[in-house]
Amino acid sequence: MQKYIKIIVWFAVILYLSLTPAADIPKLSILSLPYFDKVVHFTMYFVMSLLLAGYFHQFKKYSNTKILLINAITLIAVGGLLEILQFELPINRDCSWGDFAFNTTGAITGTLLYLYWLKETFVGKLLH
């Protein structure tokens, strides 16, 4: 369980931020900054991809290509599903292609950064 705790906690953060009803989101001035929402979407999936890449890197049977594919498929599917749920559930949230694009970009960027730069660094070792 210890190996999964960071992934589970961060996934819970993504679920909470994605599925909180619009009326329950605090009205903070930072939320009205241009494109702040997109930065949040990018960051949520960027961090999740780092955690997942770090987890899969522990197992030597996973090549960089396989880790990239697993992360991309998993996080693109999760991001797409959550955007659909925002539209379908009675939480007064919108489904957005822009949010989906930033989720996807964050997921792929984080995975590539981990695999080709961070995995052998101190930061990379903290992620697994």
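Modeller: First, a definition: buried means under 20% relative accessible area, exposed means over 50%, and partly exposed lies in between (1.4 Å probe, protein chains only). This is a predicted model; local features need pLDDT of at least 70, side-chain atom pairs count only at pLDDT 80 or more, and totals for chains, interfaces and linings use all residues. Residues are numbered from 1 along each chain as its sequence is written, and side-chain values use heavy atoms, with hydrogens and water left out.

Biologist: Is Asp37 buried, exposed or partly exposed?

Modeller: The side chains of Asp37 and Lys38 meet in a salt bridge (a side-chain nitrogen of Lys or Arg within 4 Å of a carboxyl oxygen of Asp or Glu). The N to O distance is 3.3 Å. Because its relative accessible area is 36%, Asp37 is partly exposed.

Biologist: How many salt bridges does a search of the whole structure find?

Modeller: One joins Lys38 and Asp37. Another joins Lys38 and Asp99, at 2.6 Å from N to O. That pair links distant parts of the chain: Lys38 is in helix 2 and Asp99 in helix 4, 61 residues apart. The search of the whole structure finds 2.

Biologist: Which residues are linked in the network of salt bridges?

Modeller: Lys38 is buried, and so is Asp99. For Lys38 the relative accessible area is 18%. The network links Asp37, Lys38 and Asp99.

Biologist: Which residues does Lys38 touch, not counting those up to four places away in sequence?

Modeller: Lys38 is found in helix 2. Helices here are DSSP runs (H or I, at least four residues), as strands are (E, at least two), numbered from the N terminus. Contact means heavy atoms within 4.5 Å. Beyond those sequence neighbours, Lys38 touches Ser96, Gly98, Asp99 and Phe102.

Biologist: How is the aromatic pair of Phe42 and Phe46 arranged?

Modeller: Rings of Phe, Tyr and Trp (its six-membered ring) pair if their centres lie within 6.5 Å; planes under 30 degrees apart count as stacked, over 60 as edge-to-face and the rest as tilted. A search of the whole structure finds 7 aromatic pairs. In the Phe42 and Phe46 pair, the centres are 5.6 Å apart, with 20° between the planes. The pair is stacked.

Biologist: Why are Phe42 and Phe46 separated by about one helical turn?

Modeller: An α-helix has 3.6 residues a turn, so residues three or four places apart point the same way. Phe46 is buried, with a relative accessible area of 19%, while Phe42 is partly exposed at 24%. The two are about one turn apart because they sit 4 residues apart in helix 2 (residues 36–57).

Biologist: And how is the pair of Trp97 and Phe100 arranged?

Modeller: They are 3 residues apart in helix 4 (residues 97–118), so about one helical turn separates them. Trp97 is exposed at 73% relative accessibility; Phe100 is partly exposed at 21%. The ring centres are 5.9 Å apart, with 85° between the planes. That pair is edge-to-face.

Biologist: Which residues do ring pairs link into a cluster?

Modeller: A pair of aromatic rings is described by the distance of the centres and the angle of the planes. Here ring pairs build a cluster. Its members are Tyr4, Tyr55, Phe56, Phe59 and Tyr62.

Biologist: How far apart are the end C-alpha atoms of helix 3?

Modeller: Helix 3 has 25 residues (residues 64–88). The expected span is 1.5 Å times one less than the number of residues. For helix 3 that gives 36 Å, which agrees with its end C-alpha separation of 36 Å.

Biologist: Which helices do the buried residues of helix 3 pack against?

Modeller: Buried residues in helix 3 include Ile67, Leu75, Val78 and Leu82. The buried residues pack against helix 1, helix 2 and helix 4.

Biologist: Is Arg93 buried or exposed?

Modeller: Arg93 lies in the loop between helix 3 and helix 4. Its contacts include Leu17, Ile25, Gln86 and Phe87. With a relative accessible area of 18%, Arg93 is buried.
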